[in-house]
Amino acid sequence: MRVKEAAARLEVSPSLVYQLVAVGKLRCTRHGLGRGCIRISEQQLAEYLAGAKLKPAAPGAMRWIR
């Protein structure tokens, strides 16, 4: 899928998708010469989403400061 399509699926802006690709958080493939065009597979998007899930904190890990 294209960057705009991935952005729509994630409900974020295309610029955020480009940033995620640039820092290596979202894998992609590039096609063409020079920078080429970016394509993101369903599997790559699923990997990103799996890694982006928040893990529940351990009981008592968050303490309120008074």
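Trainee: At what angle do the axes of helix α1 and helix α2 cross?

Mentor: First, a word on the source: this is a predicted model, in which local features need pLDDT of at least 70 and side-chain atom pairs count only at pLDDT 80 or more, while totals for chains, interfaces and linings use all residues. Residues are numbered from 1 along each chain as its sequence is written, and side-chain values use heavy atoms, with hydrogens and water left out. Helices (H or I, at least four residues) and strands (E, at least two) are DSSP runs, numbered from the N terminus. Axes are lines fitted to C-alpha atoms, for helices over the stretch in contact, and angles run from 0 to 180 degrees between N-to-C directions. Here the axes of α1 (residues 3–10) and α2 (residues 14–22) cross at roughly 105 degrees and come within 8 Å. The two helices are therefore roughly perpendicular, a class that spans 65 to 115 degrees, whereas under 35 counts as roughly parallel, over 145 as roughly antiparallel and the rest as oblique.

Trainee: Which residues in α1 meet α2?

Mentor: Contact means heavy atoms within 4.5 Å. On the α1 side these are Val3, Lys4, Ala6, Ala7 and Leu10, and they meet Pro14, Val17 and Tyr18 in α2. By class, this contact has 7 nonpolar, no polar and 1 charged residues. In that scheme Ala, Val, Leu, Ile, Met, Phe, Trp, Tyr, Cys and Pro count as nonpolar, Asp, Glu, Lys and Arg as charged, and the others, Gly among them, as polar.

Trainee: Which residues in α1 are buried?

Mentor: Buried means under 20% relative accessible area, exposed over 50%, and partly exposed in between (1.4 Å probe, protein chains only). An α-helix has 3.6 residues a turn, so residues three or four places apart point the same way. In α1 the buried residues are Val3, Ala6, Ala7 and Leu10. They lie on the same side of α1 because they cover an arc of only 100 degrees around the axis, the arc being that of the directions from the helix axis to the C-beta atoms. Their cover includes α2, β2 (37–39) and α3. Lys4 and Ala8 are exposed on the face turned away from the buried side. After α1 comes glutamate 11, whose phi is positive, near 60 degrees.

Trainee: Is glutamine 44 buried or exposed?

Mentor: Glutamine 44, in helix α3, has a relative accessible area of 8% and is therefore buried. Leaving aside neighbours within four places in sequence, glutamine 44 is in contact with Leu26, Arg27, Cys28, Thr29 and Arg39. Glutamine 43 is also placed in α3 (residues 42–52), yet its relative accessible area of 55% makes it exposed.

Trainee: How many disulfides does the structure hold?

Mentor: A disulfide is a pair of cysteine sulfur atoms within 2.5 Å. The structure holds 0 disulfides. For cysteine 28, the nearest cysteine sulfur is that of cysteine 37, 10.0 Å away, which is too far for a bond. Cysteine 28 is partly exposed at 22% relative accessible area, and cysteine 37 is partly exposed at 31%.

Trainee: In what order do the elements run from the N terminus?

Mentor: The order is α-α-β-β-α, with 3 helices and 2 strands in the protein. Of the 66 residues, 18% are buried.
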